[in-house]
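Please walk through this structure with me, beginning with the place where its chains meet and then turning to features inside a chain.

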Amino acid sequence: MSFAYNAQRAAEFQRRRLNARAPLSTSSRRTYEQLRASIRAGLTETDTQFRELVISEQFGASRNSVRVALAMLAADGLISRGPRTGTKVTKQIVDFPIDRVLPRHFAPYPAAEKYGLVVVDVENAVLTTPPLIAELLQTDAPQIVSYVQLAVYDGDPLYVRSGIAPITFDADEYMNRLTTSSAEVTALMGQDGGAGAGSFEPEIEMEAVFERLFQTPFGYPRFRVEVVGADQNIAGLLGIEHGAPMLLRQQINYDIHDVGREFSFTHFRGDRATLTSHRSYGQGTL
Amino acid sequence: MSDEERRQHDLVTALAAQGVLNVDGGIDVEGLAERTDSTVEIVQNALAMMGLDQVTAAEHPLYVVSVDEHPEHQDIGGPGETVTAETSLLENETIAPSPLIRALMRMEESAVTMMEELGTVTGQPLFVRVSYYSLGDSDEAGWRRGRAAAESNSPDLESVFRMRFDTDLAESRVSIEAVRPDRRTAELLRVPAATPMVLRQVILTDVHGVVRELSFTHFRADRVSVV
């Protein structure tokens with residue numbers, strides 16, 4: 001017997017000892033966290049069957065805590081449970097960069113998905129600038145554009161984005177830029193405007209659209225994320241129940257001169273969306 | 001709620017989060033309505049939805065948590081105040097890693113350390129966090145170093161990481177979700193069942209590509225905003 005073989009046996013024995021002797025976790029929260037993260041990480045694809053006994057063994061969790069966790073995932077709408085169909089993953093969770101406004105046509109999973117994210121305008125209006133907005137964005141623009149957009153993915157509404165932007169030029173000109181800038185940048189990036197994967201990067205498109213809209217280069221975003229319950233109106237727009245958890249992201253986009261150009265609020269469905277961040281530190285390379 | 005009312009509501013929420021609602025210890029509803037070109041009724045409705053109709057913003061603080069730092073390692077108070085969370089250990093176990101833990105931590109180890117902690121501010125529960133570490137990172141010396149870092153003045157994430165793991169931080173990967181807690185978590189954090197919560201997953205990786213920490217934190221959504 002080789003040393004490596006003995007080492008493998010020892011490790012396996014240790015693992016069995018741990019599984020055999022360690023008391024099962026009764027924390028449904030921990031089981032739920034890991035199952036949800038598994039769905040988000042793509043470790044469990046749509047139509048994957050969840051079996052309580054298997055999950056109990058794999059996660060070292062009691063059957064009861066697994067049951068509770070699966071009920072929570074079902075309430076999230078991520079899995080379906082039925083006597084004949086079993087417990088299956090039915091929906092994927094879509095990752096959104098925490099500080100980016102995505103293009104109007106975007107494929108979150110280019111290699112796998114047939115349908116992409118499509119953003120449609122719900123409402124646009126030109127209003128007199130409220131004093132507090134003038135103060136927050138440090139603007140003396142007499143008017144603001146106020147807009148509401150709805151994003152749909154795989155047939156489901158995923159978020160509602162409302163925002164304001166002070167306009168320092170003709171309102172009609174701004175609305176015209178709003179309509180054409182996205183299409184211009186899309187054409188430049190070579191995307192066909194449908195649900196195709198394309199080779200663009202959403203970061204680049206956001207900055208390019210920003211520059212076309214405001215005639216100044218994009219500087220940086222400032223964001224703040226909270227979790228709130230859906231009010232009745234937004235619940236109706238997004239097809240979720242009143243009070244359902246939602247991610248609310250407030251964001252101000254600044255130009256390179258530190259002028260706040262756009263102030264937006266995005267309500268994301270909590271059952272289908274995640275906000276993600278990736279930060280690199282020091283001179284670390286991986 | 002109409003779209004107009006929602007815009008006002010969102011704006012009021014933003015202002016509350018930034019601590020700009022207070023005037024001499026109270027909320028100037030009329031002034032706020034005037035400054036947002038709104039009506040007193042809309043502002044009052046927005047404040048009511050946030051639970052601010054009977055108390056001032058000062059009594060209902062929103063703590064500001066950095067997207068990838070732990071609240072006990074940073075000042076989470078609003079403008080003009082310094083607040084740091086405290087943690088107490090609930091559980092500390094050696095467990096067999098699940099497939100998810102193996103995948104996210106990129107490990108093949110047969111056992112990991114799981115620690116569950118309750119975070120409080122001024123005695124009030126703010127979050128509950130479960131963290132996973134390789135057994136090699138769970139020695140007492142490492143924990144002492146981590147404590148020392150947390151207790152130093154204004155420790156940043158890189159400093160805390162270096163002191164804790166004796167190597168440099170290369171990247172953090174974070175996911176933030178809106179979820180409902182189970183009954184036990186709701187009781188632990190003293191919120192009504194089915195109250196929305198912030199669920200944050202953080203993966204910290206060192207300069208050698210080794211994942212050092214995987215954590216899941218449930219925050220009270222009525223007390224926390226993430227920046």
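A salt bridge is counted here when a side-chain nitrogen of Lys or Arg lies within 4 Å of a carboxyl oxygen of Asp or Glu. By that rule, seven salt bridges cross the interface of chain A and chain B, while the count over all chains comes to 28. This is a predicted model, in which local features need pLDDT of at least 70 and side-chain atom pairs count only at pLDDT 80 or more, whereas totals for chains, interfaces and linings use all residues. Residues are numbered from 1 along each chain as its sequence is written, chains are lettered from A and ligands numbered from 1 in the order in which they are written, and side-chain values use heavy atoms, with hydrogens and water left out.

In one of the salt bridges, Glu241(A) pairs with Arg180(B), with 3.2 Å between the closest N and O atoms. In another, Glu116(B) pairs with Arg30(A), and there the closest N and O atoms are 2.4 Å apart. Because Glu116(B) belongs to strand β5 (residues 112–121) of chain B and Arg30(A) to helix α2 of chain A, this pair joins two chains; helices (H or I, at least four residues) and strands (E, at least two) are DSSP runs, numbered from the N terminus.

The contact between the chains (heavy atoms within 4.5 Å) draws 69 residues from chain A and 76 residues from chain B. The area buried between them is about 6000 Å², with carbon and sulfur atoms giving 56% of it, where buried area means the accessible area (1.4 Å probe) that two parts lose on being put together, summed over both. Of the area that chain A buries against chain B, 12% is supplied by Arg29(A), Arg224(A) and Tyr281(A), more than by any other three residues.

Within β7(B), Arg173(B) stands opposite His278(A).

Four bridges pair β2(A) with strand β3 (residues 86–89) of chain A in the antiparallel sense, and Gly82(A) has Gly86(A) in β3(A) as its bridge partner.

Finally, rings of Phe, Tyr and Trp (its six-membered ring) pair if their centres lie within 6.5 Å, and planes under 30 degrees apart count as stacked, over 60 as edge-to-face and the rest as tilted. The whole structure holds 12 aromatic pairs over all chains. For Tyr159(A) and Phe268(A), the ring centres are 5.1 Å apart and the planes at 55°, so the pair is tilted. This pair links distant parts of the chain, 109 residues apart, with Tyr159(A) in strand β8 (residues 156–167) and Phe268(A) in strand β11 (residues 260–269) of chain A.

Note on methods:
Pairing = 2+ DSSP bridges.
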